[in-house]
Amino acid sequence: MNSPPRGAGWAGTADPAGGAGAAGAAGSAASAAAARAAVRAGDRAPTAGVAPGSTQANLISVPRDWAYDVLLFCQRNPKPCPVLDVTDAGAVSTVLAPDADLRTDLPAYRVWEHGELADEPSEVTSLWRKDLVTFLIGCSFTFEWALAGAGVPLRHIEQGRNVAMYVTDVPCRPAGGMHGPMVVSMRPVPEESVETAVRVTGRMPAVHGAPVHTGDPARIGIRDLDEPDFGDPTELRPGDVPVFWACGVTPQAAVVSSRPPFAITHSPGRMFITDVRDEEYAVP
């Protein structure tokens, strides 16, 4: 099991410019706990913009005999699959949020059988198995507050929508039985702010880092920005450029391609909110 970054669990609520001080020490964890409580009470909305300052994570749980292949797949494809924690088999909590329950504290889940989507429940307690190993993977929602603090608009939040996500024609490096294409998230960015967006997100490699592509979506196999594979279409404003970041939904595309007998994932855009402070994943 990975340890959280130094200081995690005593995180303050970060303002968009990034600076959560000691005075707000319990704020981020309290905000994250409140968000998870709202989920348990029935909130199923996407988590973009929720619990400012709290790191969000993608989730995939697989049987132990598939766990090494998933781990190796993540190690070989760190842009779309940056690992924040790996649990012991059967564990229902993570060091990233020790009081949370991985079976109930995400707004929505996906259940997969032999690569086919079998169900999209709101909790998976009855489906949890003693052999399941869970991977928590960095999410780009984490760097959105840094983008906002740097003056980069977040169009999907302005428009009240889930972020748009697309399956590309860029293959990931396979690992054992795991293989599949890269998935990306797209955010419209004013042309004059693209350099800032690259610089800001490049400081956060643990949550996908800098973009993998800017501009023409056809260059990475995306035919129509108005038809995302996951999430909602986001309207580009005049002067905006589509900017694409590697996305933690990539393991779900690999599940479809690789067809493991069983897997549980988050529903795209509905993430696990941790107690870790966003800036703990930033590098100088």
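The model is predicted, so to speak of local features a pLDDT of at least 70 is needed and side-chain atom pairs count only at pLDDT 80 or more, while totals for chains, interfaces and linings use all residues. Residues are numbered from 1 along each chain as its sequence is written, and side-chain values use heavy atoms, with hydrogens and water left out. The mean pLDDT (the predictor's confidence in each residue, from 0 to 100) comes to 91, and 90% of the residues reach 70 or more. Residues 1-25 are another matter: pLDDT stays under 50 there, and the model has 57 contacts for this stretch beyond four places in sequence, a contact being heavy atoms within 4.5 Å. Where pLDDT is low, the predicted coordinates should not be read in detail.

Turning to the strands, helices (H or I, at least four residues) and strands (E, at least two) are DSSP runs, numbered from the N terminus. Two strands pair if DSSP finds at least two bridges between them. On that basis, 4 strands make up an open antiparallel sheet in the order S6-S7-S9-S8. Strands S6 (164-171) and S8 (213-214) sit at the edges with a single partner strand each, so one side of each has no neighbour in the sheet. S6 is joined to S7 (residues 181-190) in the antiparallel sense by 5 bridges, and alanine 164 stands opposite methionine 186 in S7. Helix H5 (residues 194-202) lies across S7, S8 and strand S9 (240-246), running at about 15° to S9; axes here are lines fitted to C-alpha atoms, for helices over the stretch in contact, and angles run from 0 to 180 degrees between N-to-C directions.

Elsewhere, strand S1 (residues 54-63) pairs with S11 in the antiparallel sense over 3 bridges, with phenylalanine 272 in S11 as the bridge partner of alanine 57. Strand S11 (residues 272-277) is largely enclosed by the rest of the structure, because 6 of its 6 residues are buried. Buried means under 20% relative accessible area, exposed over 50%, and partly exposed in between (1.4 Å probe, protein chains only).

Helix H6 (residues 250-258) is mostly covered too, with 7 of its 9 residues buried, among them Thr250, Gln252 and Val255. The buried residues of H6 pack against S1, helix H2 (64-76), strand S3 (109-113), strand S5 (132-138), S7 and strand S10 (263-266). Just after H6, arginine 259 adopts a positive phi of about 60°.

On the charged side, the structure holds 12 salt bridges, each a side-chain nitrogen of Lys or Arg within 4 Å of a carboxyl oxygen of Asp or Glu. Arginine 155 meets glutamate 158 in one of them (3.3 Å, N to O). These two are 3 residues apart in helix H4 (residues 155-158), about one helical turn. Arginine 155 is buried at 11% relative accessible area, whereas glutamate 158 counts as partly exposed at 44%. Arginine 155 also meets aspartate 240 in a salt bridge (2.9 Å, N to O). Aspartate 240 belongs to strand S9 and arginine 155 to helix H4, so the pair ties together parts 85 residues apart in sequence. Aspartate 240 is buried as well, at 11% relative accessibility.

Glutamate 280 forms a further salt bridge with arginine 277, the closest N and O atoms being 2.8 Å apart. Glutamate 280 is buried at 18% relative accessibility, and arginine 277 is buried at 16%. Salt bridges that share partners join Arg155, Glu158, Arg237 and Asp240 into one network.
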